Amino acid sequence: MPTVKTIAKMVLAAVAFAGIAFGAALPAGAATPEEAFLIELGLTSTPIGHAQFCTERPAECLPNLAVVMTEELTGARWQELLEVNARINATVTPVTDIALYQTEEYWTYPRGYGDCEDFVLAKRRALIELGWPASTLLMTVVREPNGEGHAVLTVRTDRGDLVLDNQEALVKLWSETPYLYIKRQSQTHASRWVDLDDTRLAVPQVSSVGR
């Protein structure tokens with residue numbers, strides 16, 4: 001297991017690498033609205049793992065009384081995204097729900113180990129603790145190129161929908177990732193989900209979330 005010093009070095013290296021890449025990935029005015037922001041459709045079914053999470057933690061699944069549609073992406077806010085993504089990725093070991101809990105889907109906060117959705121929950125909580133509006137931090141279900149289900153955190157900023165991913169050190173625009181976007185949390189209610197209109201390709205169905 002990595003030492004605290006090793007983990008700290010990993011976090012700093014990831015933050016530095018991602019920070020260098022940001023200027024090229026998202027310069028001011030480079031993205032069209034379609035490339036920058038996901039299009040939401042109507043309400044849809046809640047993933048079974050998140051429904052169970054809300055049953056166990058109802059206080060975290062309430063309506064957002066003060067909905068902030070996008071957060072201004074200042075330099076300080078950008079650094080927070082880089083740091084949180086790098087820190088959680090470095091300190092949590094990916095393990096499937098089957099291996100950890102002997103069940104297909106179980107969403108919870110990781111204690112050193114976790115599936116992809118557990119990384120997302122940890123990152124969302126960490127950013128809320130830093131003052132990010134909960135309505136801008138949305139758990140999102142996607143489909144990987146190999147057909148596997150996956151979960152990422154979509155962060156709604158004034159420069160676009162950015163993605164924090166346990167399989168990626170960089171923080172990218174959603175349209176720069178290899179995934180098909182299927183559904184995510186509603187901005188108005190933490191326990192509700194909405195379909196996404198990813199028109200780049202036909203969106204397949206996801207029965208469960210993977211790594």
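**Note on the predicted model: aromatic pairs, helices, cores and loops**

1. Tyr-101 has a relative accessibility of 27% and therefore counts as partly exposed, since the partly exposed class lies between the limits of 20% for buried and 50% for exposed. The model under review is a predicted one.

2. Four aromatic pairs are found when the whole structure is searched. In one of them, the rings of Tyr-101 and Tyr-106 have centres 4.8 Å apart; their planes meet at 65°, so this pair is edge-to-face. Trp-174 and Tyr-181 form an aromatic pair that is also edge-to-face, with 5.5 Å from centre to centre and 85° between the planes. Both partners of this pair are buried: Trp-174 has a relative accessible area of 4%, and Tyr-181 has one of 0%.

3. A charge is placed over a ring at Tyr-109. The charged end of Arg-125 sits over this ring, 3.7 Å from the ring centre.

4. As to the overall composition, the protein contains six helices and nine strands. Of its 211 residues, 47% are buried. Among contacts with a separation of 6 or more, 67% are between residues 24 or more positions apart.

5. Helix H4 covers residues 75-91.

6. Helix H6 (116-129) passes the corresponding check on length. At 1.5 Å a residue its 14 residues should span 20 Å, and its end C-alpha atoms are 20 Å apart, which agrees. Of these 14 residues, 11 are buried, so H6 is largely enclosed by the rest of the structure. Among the buried residues are Phe-119, Val-120, Leu-121 and Leu-127, together with Glu-117, Asp-118, Lys-123 and Arg-124. Just after H6, Gly-131 takes a positive phi of about 100°.

7. The largest nonpolar core has 31 residues, and the members that touch the most others are Leu-81, Leu-127 and Val-155. Two or more residues each come from helix H3 (48-56), H4, H6, strand S4 (137-143), strand S5 (149-157), strand S6 (160-165) and strand S7 (168-173). The greatest contribution is that of H6, with seven residues. In soluble globular proteins, nonpolar side chains tend to be buried together.

8. The surroundings of Leu-81 can be set out residue by residue. Neighbours within four places in sequence aside, Leu-81 is in contact with Leu-73, Leu-127, Trp-132, Val-155, Leu-162, Leu-164 and Val-171. Another core, of eight residues, lies apart from the largest one; Leu-38, Val-142, Tyr-179 and Leu-196 are among its members.

9. Thr-177 lies in the loop between S7 and strand S8 (180-185). With a relative accessible area of 11%, Thr-177 is buried, the limit for that class being under 20%. The side chain of Thr-177 makes a polar contact of 2.7 Å with the side chain of Tyr-181, the residue whose ring pairs with that of Trp-174. When residues up to four places away in sequence are not counted, Thr-177 touches Val-163, Lys-172 and Arg-200.

10. Pro-133 is located in the loop between H6 and S4. This proline is buried, at a relative accessible area of 16%. Pro-133 and Met-69 are 64 residues apart along the chain, while their C-alpha atoms are separated by 9.0 Å. Beyond its neighbours within four places in sequence, Pro-133 is in contact with Val-68 and Glu-71.

11. Asn-64 is found in the loop between H3 and H4. At 16% relative accessibility, Asn-64 counts as buried. With neighbours within four places in sequence left aside, Asn-64 is in contact with Ala-134 and Ser-135, and also with Ser-186, Gln-187, Thr-188, His-189 and Ala-190.

Conventions: Residues are numbered from 1 along each chain as its sequence is written. This is a predicted model: local features need pLDDT of at least 70, side-chain atom pairs count only at pLDDT 80 or more; totals for chains, interfaces and linings use all residues. Side-chain values use heavy atoms; hydrogens and water are left out. Rings of Phe, Tyr and Trp (its six-membered ring) pair if their centres lie within 6.5 Å; planes under 30 degrees apart count as stacked, over 60 as edge-to-face and the rest as tilted. Buried means under 20% relative accessible area, exposed over 50%, partly exposed in between (1.4 Å probe, protein chains only). A charge sits over a ring if NZ of Lys or CZ of Arg is within 6 Å of the ring centre and within 35 degrees of the ring normal. Helices (H or I, at least four residues) and strands (E, at least two) are DSSP runs, numbered from the N terminus. The expected span of a helix is 1.5 Å times one less than its number of residues. A nonpolar core is a set of buried Ala, Val, Leu, Ile, Met, Phe, Trp, Tyr and Cys residues joined through side-chain atoms within 4.5 Å. Contact means heavy atoms within 4.5 Å. A polar contact is a pair of N or O atoms within 3.5 Å; within protein, one must be able to donate a hydrogen and the other to accept it, and residues adjacent in sequence count only if both atoms are side-chain atoms.
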